[in-house]
Amino acid sequence: MSKKIAFFDTKPYDEKSFTAVNASFGFEITYFDVHLNSKSVELSAGFDGVCAFVNDDLNKDVIDHLIEHKVGVIGLRSAGYNNVDFKSAYGKIHVLRVPAYSPYAVAEHAVALMMSLNRKTHKAYHRTRDGNFSINGLMGFDMYQKTAGVIGTGKIGKCLISILKGFGMRVLAYDLFPDPGYAKQAGIEYLPLDEIYKNSDIISLHCPLTKETTHMINEKTIGIMKDKIMIINTGRGKLIETRSLIEGLKSGKILAAGLDVYEEESEYFFEDKSEEMITDDILARLLTFPNVLVTSHQGFFTAEACHNIAETTLNNFKDFFDGEYLKNEICYHCDKLCLKKQKKRCF
Ligand code: NAI
């Protein structure tokens with residue numbers, strides 16, 4: 001009998017890519033458009049697995065309910081997993097993710113934000129459509145020979161670095177686990193975080209959201225950055241303390257900010273709110289700046305990435321239901337989050 005999977009927080013484009021790929025898996029998929037959270041978790045009754053996305057809230061209560069409903073597996077259709085309470089899940093329900101689907105998609109989006117903000121194409125678009133062909137105020141700068149600070153040199157950070165090197169930029173990097181061999185080959189320099197802040201013209205965030213990285217961009221760290229810094233965040237919203245970012249923008253310390261993610265995005269991002277008022281005053285303030293470009297978590301959104309997400313997610317479910325080793329499992333093991341390396345199931 002085919003296994004039943006409940007998909008949460010789905011949009012028509014999710015349905016399209018998963019339904020196409022599922023033709024060769026044959027799962028019985030039900031698509032729910034609501035977020036998975038304490039209010040909606042009852043919908044999971046009778047399903048063998050649930051599939052969740054970045055703004056679903058897999059807190060202790062939700063996990064306990066999933067376990068009560070005998071759901072054996074959570075398949076995240078994302079790389080990030082900061083929205084899951086792993087302590088509650090460990091030993092009771094398996095959590096799988098899509099570690100990589102297209103790092104190019106996110107890196108290229110980070111560059112799109114950088115280039116739009118630099119050359120002000122977002123403003124030029126409106127001007128020319130309005131018959132205004134003036135270029136006053138649209139002056140940018142050469143990327144060539146500027147310094148980029150890349151925080152997190154994993155899959156996405158590395159793709160970004162190769163693009164920025166193509167511009168002829170100097171690249172400084174910080175990672176909790178620096179990779180000296182890669183640095184040599186890519187022609188970049190690993191430095192402590194403070195040095196990245198002090199020396200970069202553009203800072204781009206590509207590390208995961210953890211206890212250590214929460215609000216890493218704050219009043220103090222903005223204070224040590226170069227004047228006229230450009231900050232790009234395609235990582236997770238909470239890497240930046242938004243109130244401090246706003247102060248930095250108001251004072252002119254920050255030249256521009258490109259944000260594909262936002263601290264409180266779950267209320268707004270991915271939804272059409274064009275007929276409503278924005279009640280989040282911080283988001284509303286951000287949207288008033290001409291030098292802030294907000295996109296709504298679309299870094300991943302390319303045809304290639306969506307196909308890969310669907311394929312890996314359904315393969316993850318297949319591995320679970322077939323009793324195979326779960327290569328994309330995340331578990332809370334030995335009292336710390338471990339991305340398992342052993343070739344067997346943890347429990
Ligand atoms: P990855 O796991 O390949 O790389 C993350 C890197 O960050 C690793 O090299 C790791 O050592 C480093 N790191 C860990 N803790 C750190 C710390 N405290 N300080 C500095 N570096 C640290 O992940 P990948 O695929 O490159 O993704 C990076 C992040 O991008 C994800 O965690 C996710 O939050 C975000 N993302 C955003 C998407 C979007 O659509 N905007 C889509 C996919 C991912």
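**Salt bridges and local contacts**

Lysine 253 and aspartate 227 form a salt bridge, with their closest N and O atoms 3.0 Å apart; a salt bridge here is a side-chain nitrogen of Lys or Arg within 4 Å of a carboxyl oxygen of Asp or Glu. The model is predicted, so local features need pLDDT of at least 70 and side-chain atom pairs count only at pLDDT 80 or more, while totals for chains, interfaces and linings use all residues. Residues are numbered from 1 along each chain as its sequence is written, and side-chain values use heavy atoms, with hydrogens and water left out.

**Salt bridges**

- Helices (H or I, at least four residues) and strands (E, at least two) are DSSP runs, numbered from the N terminus.
- Lysine 253 counts as buried at 16% relative accessibility, whereas aspartate 227 counts as exposed at 57%. Buried means under 20% relative accessible area, exposed over 50%, and partly exposed in between (1.4 Å probe, protein chains only).
- The whole structure contains 14 salt bridges.
- Aspartate 179 forms a salt bridge with lysine 158, with the closest N and O atoms 3.4 Å apart. Aspartate 179 lies in the loop between strand S7 (170-174) and helix H7 (180-186) and lysine 158 in helix H6 (residues 155-166), so this pair ties together parts that are 21 residues apart in sequence.
- Aspartate 179 is partly exposed, with a relative accessible area of 28%, and lysine 158 is also partly exposed, at 28% relative accessibility.
- In the salt bridge between aspartate 322 and lysine 318, the closest N and O atoms are 2.8 Å apart. Aspartate 322 is partly exposed at 45% relative accessibility, and lysine 318 is partly exposed at 37%.

- Arginine 236 sits in the loop between strand S10 (229-233) and helix H10 (242-251).
- Arginine 236 is buried yet has no salt bridge; glutamate 265, the nearest side chain of opposite charge, is 6.2 Å away. For charge, Lys and Arg count as positive and Asp and Glu as negative; His and the chain ends are not counted.
- The side chains of arginine 236 and asparagine 82 make a polar contact (3.0 Å). A polar contact is a pair of N or O atoms within 3.5 Å; within protein, one must be able to donate a hydrogen and the other to accept it, and residues adjacent in sequence count only if both atoms are side-chain atoms.
- An N or O atom in the side chain of arginine 236 is 3.3 Å from an oxygen atom of the ligand.
- Aspartate 175 has a polar side-chain atom 2.6 Å from an oxygen atom of the ligand, and aspartate 260 has one 3.0 Å from a nitrogen atom of the ligand.
- The protein covers 86% of the 860 Å² of accessible area that the ligand has on its own (Shrake-Rupley method with a 1.4 Å probe; for residues, only the protein chains shown count as cover).

**Serine 200**

- Serine 200 lies in the loop between helix H8 (193-199) and strand S9 (202-205) and counts as buried, at 0% relative accessibility.
- The side chain of serine 200 reaches the backbone oxygen of isoleucine 196 at 2.7 Å and the backbone nitrogen of glycine 149 at 3.4 Å.
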